[in-house]
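Subject: Structure handover

Hello,

Here is the structure you asked about. Please open it first, then read the notes below.

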Amino acid sequence: MTFKFKLFRGLTAINLMFSTFFLMGLIIVLFTTGSIQVLSFGILLGAILIHAILSLHLQKALLDSNMVLKESTPGGIRIIGGICLFVGGYMVLSGLSLFMMLKTGNLGPLEEVMKQFPDDQRATMTAMLKPMSFFFIIVGAVIVTNVMLSYTFLKQYKNRQDEEPLF
């Protein structure tokens with residue numbers, strides 16, 4: 001196994017754990033609040049979970065040359081991967097924006113929200129923003145890297161299938 005494949009396996013496991021954990025939390029919040037915004041965010045997290053599951057099947061097919069992927073799996077990896085690229089890119093950009101707002105000291109629209117809280121809570125919330133920005137950057141980068149690796153290995157799988165004789 002190459003380092004790239006081991007990285008792909010590790011990032012898939014991280015995406016699987018991350019998306020499952022937060023998806024379960026969102027399901028609980030959805031049932032308690034009934035908010036449509038929670039549902040839409042849950043759908044995006046569900047796409048990450050589905051992509052991780054499809055990536056696991058791709059990994060098994062790459063390790064065992066006798067195993068063949070279902071006909072819909074490569075297309076699913078491409079389509080769901082595109083959604084995951086959007087989500088991961090959005091997370092990276094959000095984290096970078098939040099980090100730059102903290103670095104410049106201009107929190108923009110967050111200042112209005114922060115004024116609603118007492119001073120001690122405001123200081124705590126401001127202290128939490130920097131780790132939150134790093135979390136968004138790291139998780140978004142993991143998602144994007146995993147999708148790009150899945151595209152690479154899907155291409156490798158397709159090339160291997162094209163080289164094998166049918167009979």
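Which residues form one aromatic cluster? They are Phe18, Phe21, Phe22, Phe135 and Phe136.

Before the rest, two points on the source. This is a predicted model, in which local features need pLDDT of at least 70 and side-chain atom pairs count only at pLDDT 80 or more, while totals for chains, interfaces and linings use all residues. Residues are numbered from 1 along each chain as its sequence is written, and side-chain values use heavy atoms, with hydrogens and water left out.

Aromatic pairs

The structure holds ten aromatic pairs. Rings of Phe, Tyr and Trp (its six-membered ring) pair if their centres lie within 6.5 Å; planes under 30 degrees apart count as stacked, over 60 as edge-to-face and the rest as tilted. One of the pairs joins phenylalanine 18 and phenylalanine 135. This pair is tilted, at 6.4 Å centre to centre and 55° between the planes. The pair links distant parts of the chain: phenylalanine 18 is in helix α1, phenylalanine 135 is in helix α5, and 117 residues separate them. Helices here are DSSP runs (H or I, at least four residues), numbered from the N terminus.

The two partners fall into separate burial classes. Phenylalanine 18 counts as buried, because its relative accessibility is 14%. Phenylalanine 135 counts as partly exposed, because its relative accessibility is 35%. Buried means under 20% relative accessible area, exposed over 50%, and partly exposed in between (1.4 Å probe, protein chains only).

The largest pocket

The largest pocket has a volume of about 370 Å³. A pocket is an open set of points on a 1 Å grid over the protein atoms alone, where a 1.4 Å probe fits, with protein on both sides within 12 Å along at least five of seven lines; lining residues have an atom within 4 Å of a point. Grid points are joined across faces, edges and corners, and the volume is the space filled by probe spheres set on the points.

The lining has 14 residues. Nearest the centre of the pocket lie Phe41, Tyr90, Met91, Ser94 and Phe136. α3 gives the largest share of the lining, six residues. By type, the lining holds 13 nonpolar residues, one polar and no charged. Ala, Val, Leu, Ile, Met, Phe, Trp, Tyr, Cys and Pro count as nonpolar, Asp, Glu, Lys and Arg as charged, and the others, Gly among them, as polar.

Helix α3

α3 has 32 residues. From first C-alpha to last, α3 reaches 45 Å, close to the 46 Å expected at 1.5 Å a residue. The expected span is 1.5 Å times one less than the number of residues. Just after α3, glycine 105 takes a positive phi of about 85°.

Single residues

Glutamine 59 lies in helix α2. It counts as buried, because its relative accessibility is 4%. Leaving aside neighbours within four places in sequence, glutamine 59 is in contact (heavy atoms within 4.5 Å) with Phe5, Phe8, Arg9 and Thr12.

Methionine 67 sits in the loop between α2 and α3. Its relative accessible area is 25%, so methionine 67 is partly exposed. Not counting residues up to four places away in sequence, methionine 67 touches His57, Lys60, Ala61 and Tyr157. Methionine 67 and histidine 57 are ten residues apart in sequence and 9.5 Å apart, C-alpha to C-alpha.

Valine 29 is found in helix α1. Valine 29 is partly exposed, with a relative accessible area of 35%. Beyond residues up to four places away in sequence, valine 29 touches Gly34 and Val38.

Best wishes

Definitions and conventions:
Helix = DSSP H or I, 4+ residues; strand = E, 2+ residues; numbered from the N terminus.
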